[in-house]
Amino acid sequence: MRVEERQVPGPEGAPDITVLILSPVEDRGPKGGILSLHGGGMIMGGRRDHVSHLLPHVIEGSAVVVSVEYRLAPDHPDPAPVEDCYAGLVWMAKNADELGIDPERLLIAGVSGGGGLAAGTALLARDRAFPGLSHQVLICPMLDDRFETHSSRMVDREGVWDRYSNLYAWTSVLGERRGGPEGSQYAAPARAEDLSRLPRTYIDTGSAEGFRDEILIYAGRLSEAGVSVDFHMWGGAFHGFDITVDHAAVSRASSATREEFIRRALAR
C-alpha cells in the first residue's frame with residue numbers, strides 16, 4: 001500500500017485541507033474511490049483515524065481511499081466541517097484519472113460524527129449536482145441534534161459516548177442553533193425533508209446505542225424515498241463496539257457484513 005499526504009483546495013475562501021491518500025502499489029486498472037471521514041463527534045480526531053476497516057480493499061487492489069482532515073468544532077463550527085468534506089470529495093472526483101479511480105464508483109464512508117458528515121456530504125453532492133456517488137456507508141452515524149428520541153436520552157454517564165458527550169458536541173457544532181428551527185440538514189441530516197436521489201446506503205447501529213433511534217428512522221425514511229438501503233442493528237452492541245472490542249463475535253460479524261457490502265460496491 002502506498003501512503004501519501006497532500007494539501008488540496010478547501011471550500012471557497014477557506015484554507016486548503018490535508019488529505020491522506022491510501023492506494024495499492026500494484027496498479028490493476030481503475031479502482032473504486034472511497035472518501036473516508038473519521039469519527040469524533042466533529043470535535044476531535046484526524047485523517048489517520050478510522051481508516052483501518054478500509055485497508056483490506058486497498059490491499060486487494062480494488063480501492064483508493066482519501067481521508068479528509070476536516071476542521072473541527074468548536075473552533076470551526078458548522079458549516080466548516082461538512083464543507084471541508086465536500087471539498088475533499090470534489091477534489092477526489094476531479095482528480096479521478098490521476099488517482100486511478102473509476103468516476104462511476106465513488107463511495108463515501110464515515111464513522112459516528114464522520115458518518116453524519118458522510119450523510120451530509122452526500123446531500124450536498126446531490127443538491128449541487130456534483131459529483132455522483134454510487135454508495136454511502138454510514139457507520140453508527142451522528143445524524144440528529146434535537147434529542148427527541150428515546151435512545152438519545154438513554155445512555156447516561158456510561159459507554160464511550162453518552163448524552164452529555166453528544167450535547168457538548170452538537171452545541172460545539174451548531175451553537176445556539178442546536179435543537180432549534182435553524183439547524184442545518186447538512187450538519188444534521190436527520191433534518192432533511194427530501195432523502196430521494198441519494199446513493200445506495202449501508203447503515204448500521206447497535207441496539208444499546210444513543211444514536212439507535214435516529215439511525216433507525218433515517219434508514220426507514222431513505223427506504224421510503226426510494227433509496228436502496230442495507231440496514232443492520234446489532235443486538236446488545238454499544239457505540240463504536242466493533243472498534244473498541246473488535247474481537248467480540250458481534251464485532252466480527254458486523255465488520256464482515258460491512259466489508260462484504262463495500263467489496264460488492266467496489267466490484268460494480
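**Exercise 1. In which helix do Glu260 and Arg263 both lie, and how many residues apart are they?**

The model is predicted: local features need pLDDT of at least 70, side-chain atom pairs count only at pLDDT 80 or more, and totals for chains, interfaces and linings use all residues. Residues are numbered from 1 along each chain as its sequence is written, and side-chain values use heavy atoms, with hydrogens and water left out.

Step 1. Find the element. Both residues belong to helix α9, residues 249–266. Helices are DSSP runs of H or I with at least four residues, strands are runs of E with at least two, and both are numbered from the N terminus.

Step 2. Find the spacing. Glu260 and Arg263 are 3 residues apart, about one turn of the helix.

Step 3. Look at the side chains. Glu260 and Arg263 form a salt bridge, with N to O at 3.8 Å. The term means a side-chain nitrogen of Lys or Arg within 4 Å of a carboxyl oxygen of Asp or Glu.

Step 4. Glu260 is partly exposed because its relative accessibility is 36%, and Arg263 is partly exposed because its value is 26%. Here buried means under 20% relative accessible area, exposed means over 50%, and partly exposed lies in between, with a 1.4 Å probe and protein chains only.

Step 5. Widen the view. A network of salt bridges links Glu60, Glu259, Glu260, Arg263 and Arg264.

**Exercise 2. Describe the salt bridge between Arg71 and Asp84, and compare the exposure of the two residues.**

Step 1. Give the distance. The closest N and O atoms of Arg71 and Asp84 are 2.9 Å apart.

Step 2. Arg71 lies in the loop between β4 and α2 and Asp84 in helix α2, so the pair ties together parts 13 residues apart in sequence.

Step 3. Arg71 counts as partly exposed because its relative accessibility is 21%, whereas Asp84 is buried because its value is 0%.

Step 4. Take a second pair. Arg105 and Asp102 meet in a salt bridge at 3.1 Å, N to O, and both of these residues are buried.

Step 5. The structure holds 24 salt bridges.

**Exercise 3. Asp162 has no salt bridge. Which polar atoms lie by its side chain?**

Step 1. Asp162 is in the loop between α5 (151–154) and α6 (163–174), and it is buried.

Step 2. Check for a partner. Side chains of opposite charge can pair when their charged atoms come close. For Asp162 the nearest side chain of opposite charge is Arg157, 5.3 Å away. In this count Lys and Arg are positive and Asp and Glu negative, while His and the chain ends are not counted.

Step 3. Look at the backbone. A polar atom of the Asp162 side chain lies 2.8 Å from the backbone nitrogen of Arg157. The side chain of Asp162 also reaches the backbone nitrogen of Tyr164 at 3.1 Å.

Step 4. List the contacts, meaning heavy atoms within 4.5 Å. Neighbours within four places in sequence left aside, Asp162 touches Val155, Asp156 and Arg157.

Step 5. Turn to Tyr164. This residue is in helix α6 and is partly exposed because its relative accessibility is 33%. With neighbours within four places again left aside, Tyr164 is in contact with Asp156 and Arg157.

How values were computed
A polar contact is a pair of N or O atoms within 3.5 Å; within protein, one must be able to donate a hydrogen and the other to accept it, and residues adjacent in sequence count only if both atoms are side-chain atoms.
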